[in-house]
Amino acid sequence: MTPPAPLLGGDTRVINIGLDLFAETLEALGVPVVSVDWRPPAGGDRRLAALLARTGDDVEAG
Amino acid sequence: MTIGDANRECLRRIQAGTARLVALRPARDVVPGLGERSVLHAGPPVAWERMCGPMRGAVIGACLFEGWAKTAEDAVRLADSGALAFDPCHHHRAVGPMAGIITPSMAVWVVQNDARGTEAYATLNEGTGKVLRFGAYDPPVLDRFAWINRALAPILDGALQRAGGLDAKTLIARALTMGDECHNRTTAATCLLTRELAPHVAAARAGDTERALAFLARTDHFFLNIAMAACKAVLDGAHGVRGATVVTAMARNGVEFGLRVSGTGDRWFTAPAPKVDGLYFPGYGPEDANPDLGDSAITEAAGLGGFAMATAPAVVQFIGGTPELALQITWRMYEITLGEHETFKIPALDFRGAPLGIDIRRVVETGIVPAIDTGLAHREAGVGQVGAGIAEAPIACFVQALEAFVAELPI
């Protein structure tokens, strides 16, 4: 059986989606990081997020 | 039809829309539903009692212009009496910058969208500063206003007829490559218009042609009203697509900001009109300014103005910003739009199409709101323009629109 390829065998470069804290920690260790400008839909408002979830492009509009 | 299909159809109609400038006519001859005491105003509906200072000033000026009143006090009494029929310009296929007042004797541009069979109207631009649309109504303002409507309009209509009409959409597209965003800067578009009309004005030799051409030469915002009517004709052609979440009108009456969405019919979604972040003329400051005002945000809904800000580095000086800010604003608007304009291109972005088709879903999802280039009117009647700046559309309107849209979806 062939052993699995090492996950982080070479130089590590990271794309961070979410909290900046993860990126900052890696940057402090000298790891190149690109942060995606992401935020939760509707600023985290659950009611609005639920409305948005009902308006996808594939939703039948009548 | 799915929401995606509806939005694609809505965007297709906007892209295919045409804007042919065909005539200047007295409003009473062409604007549908205009009665002899009709007073159309900018923005969503607002009663006389709630109108802001500059709009009241423009109503007073219109009453004096029409001869309905001999003094400002008479005009106020007339409005108080209920004898005037107030209604939004948008309810009559028209748009008006700032106060947006249209009364029957005022001349209006007629713009036709042949692709959809729609027609839209807007008054002639008076220039900036102390002008009627910003609420001023003293004798020099009214003298100029009367000359524009009774002398300049027939000259330009004659020239327009002789030219066989003009393609406003093409003029806008060319102006975008010459530093206009066609809202707060229409210098290039006005030059292009003047270049087209001047030979016909000269050939017709009717009226005071020297004064007419001199007025065009010094009135940088002259094309604004034409751009607005062009955008209105195109967006009306994309209104009423069931299931579409695209904004087809944004307008302010100085008290409230309102928007309409293609798929939710003619209802307005409103919130208090925003304050404007801007640059003031000498002697004025934020305490003097009225909240945002005017139908001119129709240009942003069509991919111009704040959405095309990257085309107009010169305009940012007029509104107190930087060229870098102009680029950032346009980049941000791509986040809330469904497409890119196939005709209106932005040179600074490698001729990328202007962000087009504001999607209420994306606004609510991202929290990014439309940026609107705008003028600043003094909050009191009779003063006029005090500056210019950028306003942000209130997100509450988009939330209301989304709620209404979802409520109307089939279960």
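Colleague: In helix H4 of chain B, residues 72–80, which residues are buried?
Modeller: In this predicted model, the buried residues of H4(B) fall within an arc of 120° when seen down the helix axis, so they line one face of the helix. That face packs against helix H3 (53–66) and strand S3 (85–88) of chain B. The buried residues are Ala72(B), Ala75(B), Leu78(B) and Ala79(B).

Colleague: Which residue just after H4(B) takes a positive phi, and of about what value?
Modeller: Helix H4 of chain B spans residues 72–80. Just after the helix comes a residue with a positive phi, Gly82(B), at about 85°.

Colleague: Which residues are buried in helix H2 of chain A, and against what do they pack?
Modeller: H2(A) covers residues 46–53, with Leu48(A), Leu51(A) and Leu52(A) buried. Seen down the axis, these residues fall within an arc of 100°, so they line one face of the helix. On the other side, Arg46(A) and Ala53(A) are exposed. The buried residues pack against two helices of chain B, H13 (360–366) and H14 (395–407).

Colleague: Which side chain reaches a backbone nitrogen at the start of H2(A)?
Modeller: The backbone nitrogen concerned belongs to Arg47(A). A side-chain oxygen comes to within 3.0 Å of this nitrogen, and the residue that supplies the oxygen is Asp45(A).

Colleague: How much area do chain A and chain B bury between them?
Modeller: The contact draws 18 residues from chain A and 17 residues from chain B. Carbon and sulfur atoms account for 61% of the buried area. The area buried between the two chains is about 1500 Å².

Colleague: How much area is buried between domain 1 and domain 2 of chain B?
Modeller: The domain assignment gives domain 1 as 17–228 and domain 2 as 238–407. The contact takes 43 residues from domain 1 of chain B and 53 residues from domain 2 of chain B. The C-alpha centres of the two domains lie 21 Å apart. Carbon and sulfur atoms give 66% of the buried area, which is about 3500 Å².

Colleague: Which backbone nitrogen does the side chain of Asp180(B) reach?
Modeller: Among the residues in contact with Asp180(B), beyond its neighbours within four places in sequence, are Thr186(B), Thr187(B) and Ala188(B). The side chain of Asp180(B) reaches a backbone nitrogen at 3.3 Å, that of Thr187(B).

Colleague: Is Asp37(A) buried or exposed?
Modeller: Asp37(A) is placed in the loop between strand S2 (33–36) and H2 of chain A. A polar contact of 3.0 Å joins its side chain to that of Arg39(A). With a relative accessibility of 66%, against a cut-off of over 50%, Asp37(A) counts as exposed.

Colleague: With which residues is Pro26(B) in contact, leaving aside its neighbours within four places in sequence?
Modeller: Pro26(B) belongs to strand S1, residues 20–26 of chain B. At 32% relative accessibility, this proline counts as partly exposed. Beyond its sequence neighbours, Pro26(B) is in contact with Pro104(B), Met106(B) and Ala107(B).

Colleague: Which element of chain A has the lowest mean pLDDT?
Modeller: Chain B averages a pLDDT of 96, with 100% of its residues scoring at least 70. The mean for chain A is 87, and 90% of its residues reach 70 or more. Among the elements of chain A, H2(A) has the highest mean, 97, and the lowest, 89, is that of helix H1 (residues 20–28).

Colleague: What ipTM does the model score?
Modeller: The model as a whole carries two scores. Its pTM is 0.94, and its ipTM is 0.89.

Terms used:
Residues are numbered from 1 along each chain as its sequence is written. Chains are lettered from A and ligands numbered from 1 in the order in which they are written. This is a predicted model: local features need pLDDT of at least 70, side-chain atom pairs count only at pLDDT 80 or more; totals for chains, interfaces and linings use all residues. Side-chain values use heavy atoms; hydrogens and water are left out. Buried means under 20% relative accessible area, exposed over 50%, partly exposed in between (1.4 Å probe, protein chains only). Helices (H or I, at least four residues) and strands (E, at least two) are DSSP runs, numbered from the N terminus. The arc is that of the directions from the helix axis to the C-beta atoms. Contact means heavy atoms within 4.5 Å. A polar contact is a pair of N or O atoms within 3.5 Å; within protein, one must be able to donate a hydrogen and the other to accept it, and residues adjacent in sequence count only if both atoms are side-chain atoms. pLDDT is the predictor's confidence in each residue, from 0 to 100. Domain bounds come from an automatic or database domain assignment. Buried area is the accessible area (1.4 Å probe) that two parts lose on being put together, summed over both.
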